[in-house]
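Hi everyone, thanks for coming. Let's take a few minutes to walk through a fold together, one piece at a time.

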Amino acid sequence: MKWAKLVGVVAENSYCKRRQVGAIIARKDRIIATGYNGTISGLDNKCEDSQGNTKSEVVHAEANAILFAARYGVSLEDTTLYVSTAPCVECAKMIRQSGISEVYYIEEYRNTTGLDLLTVSGVVARRLE
């Protein structure tokens, strides 16, 4: 399956200007949740403030996918996350706690703390080829 292409399509749903990020959670190659970065429900979809900084109400793609699954009672135990940008440390915490066992990312994030946390906590994290 062309995960990188699918993640890119999901990312296109984001209204963020600085970076559009998409995430897909799958079990045995079947998609069970998707997410993209954007503001919380009920707010406008402007992700950046007037200085171009990301607003605090923006939720990361990985978190949106995990929260979607939680909202509808979908277990993420032993699933795989495909994401366009390597997870930050806050998303890494959610990934580990939700039961996701593997993460594949397309591009590096400026800070590797999230990847480091995934590795030491037993979650496989690899760059998607």
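**The sheet and a helix pair**

Let's begin with two strands: β1 and strand β2 (residues 30–36) run antiparallel and are joined by 6 bridges. Strands here are DSSP runs of E with at least two residues, helices are runs of H or I with at least four, and both are numbered from the N terminus. Two strands pair if DSSP finds at least two bridges between them.

Before we go on, a word on the source: this is a predicted model, where local features need pLDDT of at least 70, side-chain atom pairs count only at pLDDT 80 or more, and totals for chains, interfaces and linings use all residues. Residues are numbered from 1 along each chain as its sequence is written, and side-chain values use heavy atoms, with hydrogens and water left out.

Back to β1 and β2. Their hairpin has 2 residues between the strands, and K28 takes a positive phi near 50° there. Further along, A23 stands opposite G35 in β2.

Now zoom out. The open sheet has 5 strands in the order β2-β1-β5-β6-β7, with mixed pairing. Because β2 and β7 (124–127) stand at the edges with a single partner strand each, one side of each is left without a neighbour in the sheet. On average, neighbouring strands are turned by 20° against each other, direction ignored.

On this sheet packs α2, touching β1, β2 and β5 (contact means heavy atoms within 4.5 Å). The direction of α2 makes about 125° with that of β2. Such angles run from 0 to 180 degrees between N-to-C directions, with axes fitted to C-alpha atoms, for helices over the stretch in contact.

Finally, how do α2 and α3 meet? The axes of helix α2 (residues 61–71) and helix α3 (residues 89–98) come within 9 Å and cross at roughly 30°. The contact is made by E62, A63 and I66 of α2 with C91, M94, I95 and S98 of α3.
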